[in-house]
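Dear colleague,

I am passing on a structure for you to look at, and my notes on it follow below. Please read them alongside the coordinates.

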Amino acid sequence: MNFQKKRCVAMLLAGGQGSRLLVLTENTAKPAVPFGGKYRIIDFPLSNCVNSGIDTVGILTQYQPLELNEYIGNGQPWGLNRSHGGVSVLPPYARSKKSEWYKGTANAIYQNISFIERYDPENVLILSGDHIYRMDYAKMIRFHEEHDSDVTIAVRQVPMEEASRFGIMNTNPDGSIYEFEEKPKHPKSNNASMGIYVFKWSILKQYLIADEEDPNSENDFGKNVIPAILNAGHKLFAYDFEGYWKDVGTISSLWEANMETLGPDPEFNLYGDGVAKIYARNYALPASYIDVHSKNINCLIAEGCEVYGDIHHSVISTGCRVGKGALIEDSVIMPNTVIEDGVIIRNAIIGEDCKVCKGAVIGGTFTGTEKRQISVVGKAHVIEANQVVKPGEVI
């Protein structure tokens, strides 16, 4: 079948196990984890694609794909239900000679060369499925083309003391990259890679094939493919990004990012004011009911909730119920969870479809003098009446 040539195809890496999110990803792929009351993590890069005019997106799934595949469906919530292009879910598959999982980020793209070739794109945009941010990829692609770059890497400035945790781009005054260091002990700059890449497809295809033929390669973009392209003398440029961006691959970062959506001037604004809209699947729930005796301060309460207790500085997701006399502080309650009467929850993340029975206590207060301990309850768990879940405990 012949397909119309595309200027750019996006490939979204959404197959990671997400083990650092512990029980939250036991039965759910990391990009399908709820965020911000009514979204899933994958809504953010998908919405960025649509808002940037990119209408062809391949989503590479692997670990626990069922819920993620159901959520994406035909791509209609993001306007990606198209006869030409749109969204395609791309799991590993059995081929004539062998069947194998995606061995690394580069191997995942390699296994889908035939998908990309259908559109004969000028450029391929590589994205991660576990970051929270808004970004106009069209500006990055335009920068890439104006500089005749073979590879363009989105970077953001991080504090110098944290730079050793990232892949660091060392650049010339014109933004061209002369050196890439993976988590250097003594970084020379603070230009940290965001894991967002634009490649000329002709260059990427060549190096994906070479990487696959190297038995010693880890088949990773940051460790193998990008250094190989750089060492061969190709043109690489850093694209500076100054907006909000957070990797939510850990419990603490997921909690922090949710908290950063709160307040009159949030660090990450989920609302309007001219910013690009984030699209999500709409389950057509009714408006939330807030009881007259409920006291709610600095919180997000998504649709379909019934709230009789008190909520302070927290995110309450769609379809939740908070009983009388309950108190929720500095916490994230994921969708369709029932919090019964008299429950106290502080500094916690409660997974989807949970039930916290009467009088239970989860988590504890935070004084600011020690590291915050986040208690976590996994999906569909029941916390029994009067049960105590200690600060930092994971169930």
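**Overall picture**

Of the 395 residues of the protein, 55% count as buried, where buried means under 20% relative accessible area, exposed over 50%, and partly exposed in between, with a 1.4 Å probe and protein chains only. Please keep in mind that this is a predicted model, in which local features need pLDDT of at least 70 and side-chain atom pairs count only at pLDDT 80 or more, while totals for chains, interfaces and linings use all residues. Residues are numbered from 1 along each chain as its sequence is written, and side-chain values use heavy atoms, with hydrogens and water left out.

The protein has eight helices and 30 strands, these being DSSP runs numbered from the N terminus (helices H or I, at least four residues; strands E, at least two). Its radius of gyration is 22 Å, close to the 21 Å that the globule rule gives for 395 residues, so the protein is as compact as a globular protein of that length; the radius is taken over C-alpha atoms, and the rule is 2.2 Å times the number of residues to the power 0.38. Along the principal axes, the C-alpha atoms fill a box of roughly 65 × 50 × 45 Å. Among contacts with a separation of 6 or more, 59% are between residues 24 or more positions apart, a contact being heavy atoms within 4.5 Å. The protein exposes about 17600 Å², of which carbon and sulfur atoms supply 48%, with areas from the Shrake-Rupley method using a 1.4 Å probe and, for residues, only the protein chains shown counting as cover.

**Salt bridges and cysteines**

The count of salt bridges comes to 18, on the rule that a side-chain nitrogen of Lys or Arg lies within 4 Å of a carboxyl oxygen of Asp or Glu. One of them joins the side chains of E303 and K38, at 3.6 Å from N to O. This pair links distant parts of the chain, 265 residues apart, with E303 in the loop between β16 (300-301) and β17 (306-307) and K38 in the loop between β2 (34-35) and β3 (39-40). E303 is partly exposed at 23% relative accessible area, and K38 is also partly exposed, at 37%.

In another salt bridge, the closest N and O atoms of E162 and R165 are 3.4 Å apart; E162 is partly exposed at 31%, whereas R165 is exposed at 53%. The side chains of E179 and K188 meet at 2.9 Å, N to O, with E179 partly exposed at 22% and K188 exposed at 53%. Salt bridges that share partners also join K5, D120 and E122 into one network.

The structure holds zero disulfides, a disulfide being a pair of cysteine sulfur atoms within 2.5 Å. For C8, the closest cysteine sulfur is that of C49, 8.3 Å away and too far for a bond. C354 is likewise in no disulfide, the nearest cysteine sulfur, that of C320, being 9.5 Å away. C8 counts as buried at 9% relative accessibility, and C354 counts as buried at 3%.

**Helix α7**

Eight of the eleven residues of helix α7 (residues 221-231) are buried, so this helix is largely enclosed by the rest of the structure. Those buried residues are F221, G222, N224, V225, I226, P227, I229 and L230. At the N-terminal end, D220 caps α7, with a side-chain oxygen 2.9 Å from the backbone nitrogen of G222. After α7 comes G233, whose phi is positive, near 90°.

**Two loop residues**

D130, in the loop between β6 (123-128) and β7 (131-133), is buried, with a relative accessible area of 10%. Its side chain makes a polar contact of 2.4 Å with that of S128 and one of 3.4 Å with that of H131; a polar contact is a pair of N or O atoms within 3.5 Å where, within protein, one must be able to donate a hydrogen and the other to accept it, and residues adjacent in sequence count only if both atoms are side-chain atoms. Leaving aside residues up to four places away in sequence, D130 touches K30, I41, K246, D247 and V248.

K295 sits in the loop between β14 (289-290) and β15 (296-297) and counts as exposed, at 57% relative accessibility. With residues up to four places away in sequence not counted, K295 touches G309, D310, I311 and H312. The C-alpha atoms of K295 and L68, which are 227 residues apart along the chain, are separated by 35 Å.

Best regards
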